[in-house]
Amino acid sequence: MKSTDETIIGDAGKSAGESFSFFAALSSFSDLFSPRTKDIVWARFALSGNDAKTLEEIGKSYGITRERVRQILAGAFSAVKQKREDPRFREIALRIESALREKSGILSVAELFSMLAGDSKKEHGALAFFLECLKSVKEEKETARRGRVFVAAGFPFEEWDAVHAIAQKALVGADHALDEDAFFARAKKAGLTASRKVFFDYLAVSSTIRKNAFGRWGSADSSEIKPRGTREKAYLILKMNGAPLHFKEIARRIDESGLQKSGRATHPQTVHNELIKDKKFVLIGRGLYALSEWGYKRGTVREVLQEILKTNASPMRRDDILAEVFRIRQVKRSTVIINLNAFFEKVGKDEYTMKH
């Protein structure tokens, strides 16, 4: 026969994939409140669909002080806390505690609310109310190294600090954002003893070490983690793609990856205008851009041919020249041959050199 705890956990696990409402649960506890207390709770936690009201705004509505409003809310929390053995309360506690356990005991405020309450303002408000009623969960203020978080009671902050320090050490000397495997490997070399899961769960709340839209990790102020302008965003798109892209495709991917602000669209012409004047990017075909760090060179086909032939002391075969050009340019074969015949000296059957 299952214990009471097992039954509760089983029911909670079963309902995890079904509809569950913190708002409905709080409504079911509302008979514990006086009409005024209920109105104050609903106003404070935006449970009527309106914006949450401040203590001062609520106080003015009832002609009472902010401190009195705080006392009334404390009384509401206390009344619900007294029902901690109620199956409804225990399921709520289980859901919140399970979410924290799933993330090694620590979650950002935003992620916890997103995981458990979705986008509903009423669900957010009801969840915020219940968080005030749990002794097993604590909210911690923002610090220099992490944002506001919820943690399980007794969370090992010293361990978090040690893991974070090792992660910072692991990033020293990295000249680019790291994928998870490389980052974790560097952290292990730097002395990490925590598991891979704990490592990344802890870093998920860091404000100085962040993950970009492509799952790469680095310093939060790095342009590869938080690109700020069109050029930095385009650079990141190209770098992650690893191959040239048309400027229209770059614009589309900037928006699809979430690098652009919500509600705004990246204009392809803006991308083209920004990249054409930056030496980090090379126009290698009609609207097609590559990164100069990949070995692509700026200039016309004639200028590219001049550079190729200058670096060779002896004449080059046409096929070898074409291969070199196609490595750094995407142009028609006929265009290259026309330029060879017009501006360079043909030697023998199919070799070319600079004109003397």
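Residues are numbered from 1 along each chain as its sequence is written, and side-chain values use heavy atoms, with hydrogens and water left out. Because the model is predicted, local features need pLDDT of at least 70 and side-chain atom pairs count only at pLDDT 80 or more, whereas totals for chains, interfaces and linings use all residues.

Helices and strands are DSSP runs, numbered from the N terminus, with at least four residues of H or I for a helix and at least two of E for a strand. A nonpolar core is a set of buried Ala, Val, Leu, Ile, Met, Phe, Trp, Tyr and Cys residues joined through side-chain atoms within 4.5 Å. Buried denotes under 20% relative accessible area, exposed over 50%, and partly exposed the range in between (1.4 Å probe, protein chains only). The largest nonpolar core has 39 residues, and F129 and F130 have the most contacts inside it. Two or more residues are given to this core by each of α2 (22–28), α3 (35–44), α4 (55–62), α5 (66–81), α6 (87–102), α7 (109–117) and α8. Apart from it lies another core, of 25 residues, which includes V163, F200, L203 and V205.

Helix α8 spans residues 121–131, and its buried residues are E123, G125, A126, L127, F129, F130 and L131. Leaving aside residues up to four places away in sequence, F129 touches L26, F33, V41, F45, A76, F77 and V80; a contact requires heavy atoms within 4.5 Å. At the start of α8, a side-chain oxygen of S120 comes to within 3.4 Å of the backbone nitrogen of K122.

A salt bridge places a side-chain nitrogen of Lys or Arg within 4 Å of a carboxyl oxygen of Asp or Glu. By this rule there are 24 salt bridges. In the one between E111 and K103, the closest N and O atoms are 3.9 Å apart. E111 counts as partly exposed at 28% relative accessibility, and K103 is partly exposed at 24%. D201 and K197 form another, with a closest N and O separation of 2.5 Å. Both residues lie in helix α11 (residues 196–203), 4 residues apart, about one turn of the helix. An α-helix has 3.6 residues a turn, so residues three or four places apart point the same way. D201 is buried at 10% relative accessibility, while K197 is partly exposed at 45%.

The side chains of D278 and R231 also meet in a salt bridge, at 3.3 Å from N to O. D278 is in the loop between α14 (268–275) and β7 (281–283) and R231 is in helix α12 (residues 230–241), so the pair ties together parts 47 residues apart in sequence. D278 counts as buried at 10% relative accessibility, and R231 is partly exposed at 29%. Salt bridges that share partners join R231, E274, D278 and K280 into one network.

R146 occupies the loop between β2 (137–140) and β3 (149–152). With a relative accessibility of 9%, R146 counts as buried. Beyond residues up to four places away in sequence, R146 touches F157, W160, D161, V205, S206 and S207.

An open sheet is formed by 3 strands in the order β9-β11-β10, with antiparallel pairing. Its edge strands, β9 (316–317) and β10 (345–347), each pair on one side only. Two strands pair if DSSP finds at least two bridges between them. β9 is joined to β11 (residues 351–353) by 2 bridges, and R317 has E351 as its bridge partner in β11.

Note on methods:
A polar contact is a pair of N or O atoms within 3.5 Å; within protein, one must be able to donate a hydrogen and the other to accept it, and residues adjacent in sequence count only if both atoms are side-chain atoms.
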